[in-house]
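Please read the following walk through one protein model with the sequence and the 3D view open side by side. The text goes from the whole chain to single residues.

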Amino acid sequence: MSNQNVENKETGHEEPPARFFAEFPYPTYEEWRAESEKALKGANWEKKLITKTYEGINLQPMYRIEDLEGLTHCESLPGSFPFVRGSNAMGYLDKPWEISQECAEPFAVKMHEVLQNELNKGGTTIHVVADKATLNGIDGDKADDAYLGKGISLSTLDDVQQTFHSFDLEKTPLLIFAGTSGMQLLSLFAALMKANGSDYHQLKGCIGVDPIGYLATVGELAYSLDTYYDEMAATANWAHDNTKQLRTILVQGHPYHNSGANAVQELAFVLATGVEYLQKMQQRGAAIDVAAKQIVFSFSVGTNFFMEIAKLRAGRMLWAQIVEAFGGTQEAQKMYIHARTSAFTKSVYDPYVNMLRTTTEAFSAIVGGVDSLHVGYFDEAVRPADDFSHRIARNTQIMLQQECNLTQPVDPAGGSWYIEKLTSEVAEKTWSLFQEVEAAGGIVEALQQNLPQEQVGITAKSKADGLAKRKDVILGTNMYPNLLEKPLEVPVFDARIFKEQRKNQINDYRLDIDDVECKSRLEEVEQSSLKGTAEKSLLEAAITAVLSGATLGDITHVIRKNQNVTSFNPLNIHSADEQYRQLRQRTESYIERTGKNVEVFLVNMGEIPQHKARADFVSGFLEVGAFTMLKNNGFATVEEAAKAALESGATIAVICSTDATYPELVSPLAKLIKEGNPNITLFLAGLPPDDLQLVYKEAGVDDFIHVRANCYKMLAKLQKDRGIV
């Protein structure tokens, strides 16, 4: 039979003849299912091949075109409603995503140096992390020590001048999470540009507030939410009228994600926050198009590659439908997305593996269609980023843009049966949870009722259980630990010395200003605020006051009069590796305190091929707790093995061999070991049938180490029993 290709007259391309494909019959799904069930040899098909995610979604082993039936979003094009395929018709071909690396240096001179290096080496956005004092509108000289050091302190015009001089803010976008104090920070930057002869109307990017997200993180705000909403509306209206390219609201999913939320929960609570801001802005006179265009959504992107792609695509689709329901135009319906690779998934131990995690997470974010991206620093769980970690993170993005060519094609995930179906399922579950939040009265009422906290807590516990049983893996932490690694050096930061420096800097600044003029300008700010802080003129008055010498804290003082503390239970922000990290740190502290470690003797029976697989598994299992493993090449008799185990002085022993040899070996060996040392903890590698478990336990075996064992609980108990606290 000839396999010669034929020419397609319409395309001019050669195609295989139709009879070629006839040699390969097209199997039906039912036929494939029958064959796969045969291959499983009686095992439960659903349990083996269907994966249930933490979002409650059942991932199928295979997806088909039939799975797209009824999914109307699949018919849309990039740049068109509901924007599931991206907000821009040409995707990254017109404009790549912004390379927006976080810079968190506390010192102005060093911050300027780091920012300059980022921009010179491929960064496209000035992305600054402000310290807690700045986020709360407090001057650095009046802040508690705990509010200083994690980010830049911006209190005066001199601070922004030292930090941002030489940067062209008319052309380079800013990205700053402003906490609750967007008006004050915006005043500083507008005053800086005006003082330097630049046109502050060209200011672009995002100086964004998220009072609800900040409240969910810290649990308390000094004033009522209405106070912050008033400032938000005034800032947004001014930015819309005066800049056109600056956004002033930054809705963050990070607090939920970093508390252990799944993709659906993060997305639902973020959308509910966005709706809250739309409503409060409208109540203060902002049109829906003005309000919606002021919002940037900031998501964390985790290690579940396809789920994170689906989350971002579902987010755009749902937000478009929400803004449409508010009456917003198509342009206002577009969700602007900034993303950062997950802080939750980063490990303290074996931190260089974090480079691999951030790469896959960044890949997800890009395929999902983000507008700007921060790739996390490999050492961010341990210390402030250094020059090396900055370079690796930044170059990861540049490599993905320029070497991997991820700027094309437009919407690479579009048409994938799996991703399109998963996007739809994420959207459906998100919408259901979003409606639950709205039924509770909105995101603020829901947080007051502990709804998000409880739901995220349940998911976080499930994730912790998955890690405890090693169903989920953190490489280098709960699987394959590297006990020879040297910890990263952590620089010392003395908050007291830093605060003293800030006091001197701000005092010197105040000595150089016209105090009378400054007070007069602050009175104008106060008068504008008394008219209602949604007044657009308030920003102009604040800019003038900053130019006369007013500080960030001065502006806060005159626009916020009546303290009315707002509080509820904060989210439990932590990292995925927390339990195992603490487990290993306890052992390390014990070694440092006593000069010795817990030793585990491997009672390997028979030749190396007989025991090696289980001995290796047990070593990896117990080294997670940083215990010392006493290894050997195996013993020929139970007497020889028991003698070696007892002479080793180890307080833990593990019998390693095969299921076939266990009935003959375990009972006599366990009895000999326990008779010699009744206090030794004796394990058996593997999980025998129930009847044999009883026999082995009667002989002296305390427990069994196997693939379904709860690694964390077993190691924690061993530590407790040996006084490691």
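What percentage of the 725 residues of the protein chain count as buried? The share is 54%, where buried means under 20% relative accessible area, exposed means over 50%, and partly exposed lies in between, with a 1.4 Å probe and protein chains only. This is a predicted model, in which local features need pLDDT of at least 70 and side-chain atom pairs count only at pLDDT 80 or more, while totals for chains, interfaces and linings use all residues. Residues are numbered from 1 along each chain as its sequence is written, and side-chain values use heavy atoms, with hydrogens and water left out.

The protein chain has 28 helices and 20 strands; these are DSSP runs numbered from the N terminus, helices being H or I with at least four residues and strands E with at least two. The C-alpha trace spans about 95 × 80 × 50 Å along its principal axes. Contact means heavy atoms within 4.5 Å. Of the contacts between residues at least 6 apart in sequence, 76% join residues at least 24 apart.

The accessible surface of the chain comes to about 32,100 Å², and 51% of this belongs to carbon and sulfur atoms. Such areas come from the Shrake-Rupley method with a 1.4 Å probe, and for residues only the protein chains shown count as cover. The chain carries 70 positive and 96 negative charges, whose mean positions are 3 Å apart. In this count Lys and Arg are positive and Asp and Glu negative, while His and the chain ends are not counted. Each charge is placed at NZ of Lys, CZ of Arg, CG of Asp or CD of Glu.

Next come the salt bridges. A salt bridge is a side-chain nitrogen of Lys or Arg within 4 Å of a carboxyl oxygen of Asp or Glu, and the count by this rule is 38. One of them joins the side chains of Arg394 and Glu118, with 3.1 Å from N to O. This pair links distant parts of the chain: Arg394 is in helix α15 (residues 387-402) and Glu118 in helix α4 (residues 108-120), 276 residues apart. Arg394 counts as buried because its relative accessible area is 3%, and Glu118 is buried as well, at 4%.

Asp411 and Arg313 also meet in a salt bridge, at 3.3 Å from N to O. Here too distant parts of the chain are linked, since Asp411 sits in the loop between α15 and α16 (417-439) and Arg313 in helix α13 (residues 305-326), 98 residues apart. Both Asp411 and Arg313 are buried. They belong to a network of salt bridges that links Arg85, Arg313, Asp411 and Glu420.

Ile419 lies in helix α16 and counts as buried because its relative accessibility is 6%. Leaving aside neighbours within four places in sequence, Ile419 is in contact with Phe306, Ile309, Arg313 and Ala413. Ile419 and Met307 are 112 residues apart in sequence, yet their C-alpha atoms are 8.2 Å apart in space. The loop between α15 and α16 also holds Pro409, and a cis peptide bond with omega of about 0° joins Gln408 to Pro409. Another cis peptide bond, with omega of about 5°, joins Phe81 and Pro82; Pro82 lies in the loop between β4 (58-59) and β5 (98-99).

Is Lys461 buried or exposed? At 52% relative accessibility, Lys461 counts as exposed. Its side chain meets that of Asp465 in a salt bridge of 3.2 Å, N to O. Both residues lie in helix α18, 4 residues apart, about one turn of the helix. Asp465 is partly exposed, with a relative accessible area of 31%.

The loop between α18 and α19 contains Arg470, a residue other than glycine with a positive phi near 60°. Arg470 counts as buried because its relative accessibility is 10%. Tyr480 lies in the loop between α18 (451-468) and α19 (495-511) and is exposed, at 61%. Together with Val473 and Leu475, Tyr480 forms a nonpolar patch on the surface with about 310 Å² of accessible area. Patches are made of residues with over 30% relative accessible area and no salt bridge; like charges are joined within 9 Å, and nonpolar side chains (Val, Leu, Ile, Met, Phe, Trp, Tyr) within 5 Å.

Lys244 also has a positive phi, about 70°, although it is not a glycine. Lys244 is found in the loop between α9 (225-242) and β11 (246-252) and counts as exposed because its relative accessibility is 62%.
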